[in-house]
Amino acid sequence: MVTMQSNRSVAPAIDLIPNLKPPHKSLGFHRILVLIITFLAYASFHASRKPPSIVKSVLGPTIPVNSSSVLLNSTSFESDLASNGTGWAPFNGSDGTQLLGKLDLAFLSAYSIGMYFAGHVGDRIDLRLFLVFGMMGSGVCTILFGLGYWLNLHFLWFFVSVQIVCGLLQSIGWPCVVAVVGNWFGKAKRGLIMGIWNSHTSVGNIIGSIIASGMLELGWGWSFVVPGALVIFVGILVFLFLVVSPEDIGFGTSVNEIELNAEVSPVEKLENTESEVAVLLEDEHLDSMAAIGFLEAWRLPGVAPFAFCLFFSKLVAYTFLYWLPFYIRHTAVAGVILSDKTAGILSTIFDIGGVCGGILAGLISDLIDARAVTSVTFLLLSIPALVLYRAFGSISTVTNTCLMFLSGLLVNGPYSLITTAVAADLGTQSLIGGNSRALATVTAIIDGTGSVGAALGPLMAGYVSRRGWNSVFFMLILSIFFAALFLVRLVKTEIKEKLNEGRWFSNTQTSTV
């Protein structure tokens, strides 16, 4: 795969430091460098998204803990909210949780809408400069939100406006990083590579949670300013070092073949050589290819089912992202109500599970060569995991931690797989002749549709939580069921093909060679 443009500028650091160019540095070195830079880029994006969930319990009304039925019935919840005046206006009133949900909706709606346009634009301009623009802008917006603390701002329109602009800017990130990584790596072991790489989402959430929780004692504004500065700093690194495509620094056909032959065993050489030759043949026709249209990309096989599956999967994942610290803060664990800081840090266990889930889902999908089967398996197993977490998570810190880790693993596994390996597969499928110009567009469609669900999830949780957290978990379980339902036909197709061709057994044996 290669990139979508022929008029890109070379990264300044690569131009200024000759030793970073071939033949001084190998193809393998630059692949690792691309993975690291894009990993840091998107991890910083997610780190800057985490503060709103951490500061919810500070901005919103503080709920007195005087009964074991906290948040379990709407009557007591209404009276508790109405009688408490702490927090930060306008989020500290009886409608505080709904306003916080609307704040999430503002960001995620803009993000999902922007995603469609970002992918379309990303297929046509310099991905490095486009990504840097998104990072710098979102960093400034995150800092601007935090400045509301020192400026003593209490206007809902201000916070909503900042979130809308920030959502639009952050939507630039995902299509860009997926397209860049897709340019550097072929389909072989893509699930495992992207599963490991996609842990940036959870790593970013963990970093953001730790920073935002640690800064709360200094004032909630710092919980936004520091992650915002982090995005800007990483954006500078992206501008200096990111190389969008192997061709940009002179890796030609012979260099690719030499590097690949030097890094693989004799058994793997033939397979990899055939794969790379096919890719290089596609490269020769790149300049004559037009970027794929938006509606045309929707009609590609598998795009719609996976997009709607991600709608519900991401609804669940982002509800946890934005509401888990709040839930932990207002749910007694072993009879103890945790502090805002402790609840924020404990919530990172879910993201640690997500890291493992993304890697495991990618590995399994590579071994059995069935993305839909892997996704549905994880989705169905996550239903009992959520039931167990809700029912027994409050018994002790150990059970809470273990069940939260398991829930994160199973919830984020298919979410990670679909947004990376599946999107890359669908964006470079043979039906479109290997046209890598479709990659950012297909990625944007899939993740953009998922982001619509991500926008609705936190908003719905804000309203549904007034009926009790059991209702919220029922909503999440129902969403998981619908996510699996959209992939049923693809699962049947994959199973039928594999059984007819006898490929599952051969794939497993080949992977052990």
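This is a predicted model: local features need pLDDT of at least 70, side-chain atom pairs count only at pLDDT 80 or more; totals for chains, interfaces and linings use all residues.
**View 1. Helices H5 and H7 side by side.** Here H5 (residues 96-122) and H7 (residues 156-170) have axes that come within 7 Å and cross at roughly 30 degrees. Angles under 35 degrees count as roughly parallel, so that's the label H5 and H7 get. The crossing of H5 past H7 is right-handed. On the H5 side, the residues in contact include Leu 99, Leu 103, Phe 107 and Tyr 111, while H7 brings in Phe 159, Val 160, Ile 164 and Leu 168, among others. Sort the contact residues by class and you get twelve nonpolar, four polar and no charged ones.

**View 2. A salt bridge between Lys 56 and Asp 104.** The closest N and O atoms of this pair sit 2.8 Å apart. Lys 56 belongs to helix H3 (residues 51-59) and Asp 104 to helix H5, so the link spans distant parts of the chain, 48 residues apart. Lys 56 is buried at a relative accessible area of 1%, and Asp 104 is buried with 1% too.

**View 3. Arg 329 paired with Asp 340.** This salt bridge also has its closest N and O atoms 2.8 Å apart. It ties helix H15 (residues 303-329) to helix H16 (residues 340-346), with the two partners eleven residues apart. Arg 329 is buried at 17%, whereas Asp 340, at 22% relative accessibility, counts as partly exposed.

**View 4. Arg 371 meets Asp 366.** Their side chains form a salt bridge at 3.0 Å, N to O. Arg 371 is buried, with a relative accessible area of 11%; Asp 366 comes out as partly exposed at 23%. The count for the model is four salt bridges.

Conventions
Residues are numbered from 1 along each chain as its sequence is written. Side-chain values use heavy atoms; hydrogens and water are left out. Axes are lines fitted to C-alpha atoms, for helices over the stretch in contact, and angles run from 0 to 180 degrees between N-to-C directions. Helices (H or I, at least four residues) and strands (E, at least two) are DSSP runs, numbered from the N terminus. Angles under 35 degrees count as roughly parallel, over 145 as roughly antiparallel, 65 to 115 as roughly perpendicular and the rest as oblique. A crossing is left-handed if the near helix is turned anticlockwise from the far one by less than a right angle, and right-handed if clockwise. Contact means heavy atoms within 4.5 Å. Ala, Val, Leu, Ile, Met, Phe, Trp, Tyr, Cys and Pro count as nonpolar, Asp, Glu, Lys and Arg as charged, and the others, Gly among them, as polar. Buried means under 20% relative accessible area, exposed over 50%, partly exposed in between (1.4 Å probe, protein chains only).
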